[in-house]
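Please read the notes below with the structure open beside you, and find each element on screen before going on to the next point.

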Amino acid sequence: MAGLLSVAVSSSAAAAPLADAQRAEIIHAVDAGAPQIGDAALKIWGFAEVGYQETKSSALLQGQLKAAGFEMTSGVAGEPTAFIGRFRNGAGPVVAILAEFDALPGMAQEAVPGHKPIPGQAAGHGCGHNIFGAASVGAAIALKAWMIKHNVPGELRVYGTPAEEGGSGKVYMVRDGLFKDVDVALHWHPGDNNSAAQGVTLSNMSAKFRFHGTSAHAAAAPWRGRSALDAVEIMDVSANFMREHVPDRTRIHYVITSGGGAPNVVPDFAEVFYYTRSVDPKVVIDTMERLKRAAQGAALATDTTMEYEQVGGVYSLLPNDTLGKVMDANLRRVGGEHWTAEETAFANQLAPALPAGGRFKIGSQAEVSPYKLDLVGESAGASTDSSDVSWAVPTVGMTAATWVPGTPAHSWQAAAASGMGIGIKGGVVAAKSIALTGADLFSNPAIIKQAKAEFNERRGPDFVYKAMVGDRKPALDYRKAGGSTGQ
């Protein structure tokens with residue numbers, strides 16, 4: 001990944017020749033579509049479908065795009081819930097907008113300011129992807145209307161991308177060449193502040209380790225058994241001792257997805273699901289190789305057998321300063337969120353339950369954070385499969401304040417705000433910013449040219465994309481313990 005840390009690129013693109021009246025027109029179109037954005041976001045919040053199982057969520061977004069005149073292609077890249085919506089208005093730039101919609105296991109939560117899991121529901125939108133997909137589609141519909149009215153040439157696409165949470169949905173799309181003719185990709189993410197700062201993310205690899213032993217009565221004849229759970233626990237101990245001996249800021253985390261059914265039966269099957277993360281993909285790969293050896297050792301120690309399945313793998317994100325500054329300018333034009341008295345009361349009631357250490361406080365949702373470019377990953381704390389897109393095509397993203405400031409992602413507090421007005425208002429801010437940025441790109445090809453020059457220089461002349469998932473098929477049932485049909 002040559003050039004990631006060292007390249008200096010000129011600081012600004014040519015000013016986009018987009019009239020203020022047209023900007024106002026796009027903002028008005030998003031506002032007019034805000035009820036549809038909110039309706040979709042709340043319905044997807046209620047569906048709460050995990051990766052590669054987002055049948056209803058995908059169908060809803062596809063239906064909105066089709067009704068707005070987009071040509072739809074479903075089930076792309078071997079992913080039944082993935083789709084591409086296309087609107088072509090003659091020859092010109094190809095601009096893509098990314099849309100996510102998967103939920104997280106264990107995050108079911110009522111849209112109330114106290115911890116209240118939803119009975120009988122296994123998953124919830126603790127990362128706000130219900131708003132992500134809805135707002136991206138809303139932005140595209142508004143942008144298409146502007147293109148038609150002003151006869152703007154080019155092609156607008158919406159990529160419906162499933163299984164971002166660990167399933168690497170976009171990776172398979174990149175690997176299959178679905179971005180090869182795209183000029184620029186736009187995305188956003190829910191959060192607790194408004195920002196178009198650009199920076200490196202953490203590369204990530206995920207894998208399941210499955211151990212097979214021999215069952216036996218745990219009291220009458222334990223010597224006849226070989227515990228697969230013992231192997232998982234020994235592997236986990238090895239991994240935890242390994243933490244001292246990996247490069248700084250490497251992350252290793254896991255969950256036991258299957259450990260047996262009854263204490264009086266020696267488990268003949270157990271499974272543990274691991275992630276490794278670092279800014280440097282090589283560190284991620286090396287750490288996973290060490291975990292493989294730890295698993296082999298655990299199997300040897302317990303007289304069991306082990307099988308390994310890599311589930312996902314994503315690069316670290318390649319920032320683009322040219323595009324970042326255009327996105328930042330549009331986010332500042334739009335401004336932050338303004339809550340109703342009821343929404344403010346919700347935030348104040350939820351605030352005492354927020355963990356310490358949050359950078360943002362109530363009130364900051366009305367502001368936009370300063371722009372910055374981080375090329376070394378100083379603030380990297382998460383992974384995304386949008387990273388692989390960023391190594392295939394110039395890519396830019398932003399964050400909108402869809403949660404109460406101070407809220408961490410993957411929390412019940414995030415799930416609660418994602419299901420009510422606070423979340424929807426942040427999504428509308430994102431939709432406006434993305435639509436305006438798309439209009440700048442269609443109006444001013446010089447921005448695209450400069451973004452591509454920066455992209456090529458940062459990526460390096462010798463870079464060849466190779467998906468970290470290898471040649472496996474999408475792990476369509478990776479959320480289930482015990483196997484994957486995509487092996």
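1. We can begin with the two helices α11 and α12, which are roughly perpendicular to each other, because an angle counts as roughly perpendicular from 65 to 115 degrees and α11 (residues 421–443) packs against α12 (residues 445–459) at about 95°. Their axes lie 5 Å apart. On the α11 side the contact involves Asp440, Leu441, Phe442 and Ser443, which meet Pro445, Ile447 and Ile448 of α12. Sorted by class, the residues of this contact are five nonpolar, one polar and one charged.

2. Please keep in mind that this is a predicted model, with a pLDDT that averages 95 over the protein and reaches at least 70 for 95% of the residues. Over residues 1–16, however, the pLDDT is below 50, although this stretch has 41 contacts in the model beyond near neighbours in sequence. The pLDDT is also below 50 over residues 483–487, where the model has 19 contacts beyond near neighbours in sequence.

3. Turning to the strands, an open sheet is formed by four of them in the order β10-β11-β9-β12, with antiparallel pairing. Because β10 (251–258) and β12 (305–314) stand at the edges and have a single partner strand each, one side of each is left without a neighbour in the sheet. Neighbouring strands here are turned by 20° against each other on average, if direction is ignored.

4. Within that sheet, β9 (residues 203–212) and β11 (residues 269–278) run antiparallel and are joined by ten bridges; lysine 208, for example, has phenylalanine 273 in β11 as its bridge partner. Helix α5 (residues 228–242) packs on the sheet, where it touches β9, β10 and β11, and its direction makes about 20° with that of β11. Helix α6 (residues 281–302) lies across β9, β10, β11 and β12, and runs at about 10° to β9.

5. With strand β6 (residues 155–160), β3 pairs in the parallel sense over six bridges, and leucine 98 has tyrosine 159 in β6 as its bridge partner. Three bridges join β3 to strand β7 (residues 184–191), again in a parallel arrangement, and here valine 95 is bridged to valine 184.

Note on methods
Residues are numbered from 1 along each chain as its sequence is written. This is a predicted model: local features need pLDDT of at least 70, side-chain atom pairs count only at pLDDT 80 or more; totals for chains, interfaces and linings use all residues. Side-chain values use heavy atoms; hydrogens and water are left out. Axes are lines fitted to C-alpha atoms, for helices over the stretch in contact, and angles run from 0 to 180 degrees between N-to-C directions. Helices (H or I, at least four residues) and strands (E, at least two) are DSSP runs, numbered from the N terminus. Angles under 35 degrees count as roughly parallel, over 145 as roughly antiparallel, 65 to 115 as roughly perpendicular and the rest as oblique. Contact means heavy atoms within 4.5 Å. Ala, Val, Leu, Ile, Met, Phe, Trp, Tyr, Cys and Pro count as nonpolar, Asp, Glu, Lys and Arg as charged, and the others, Gly among them, as polar. pLDDT is the predictor's confidence in each residue, from 0 to 100. Two strands pair if DSSP finds at least two bridges between them.
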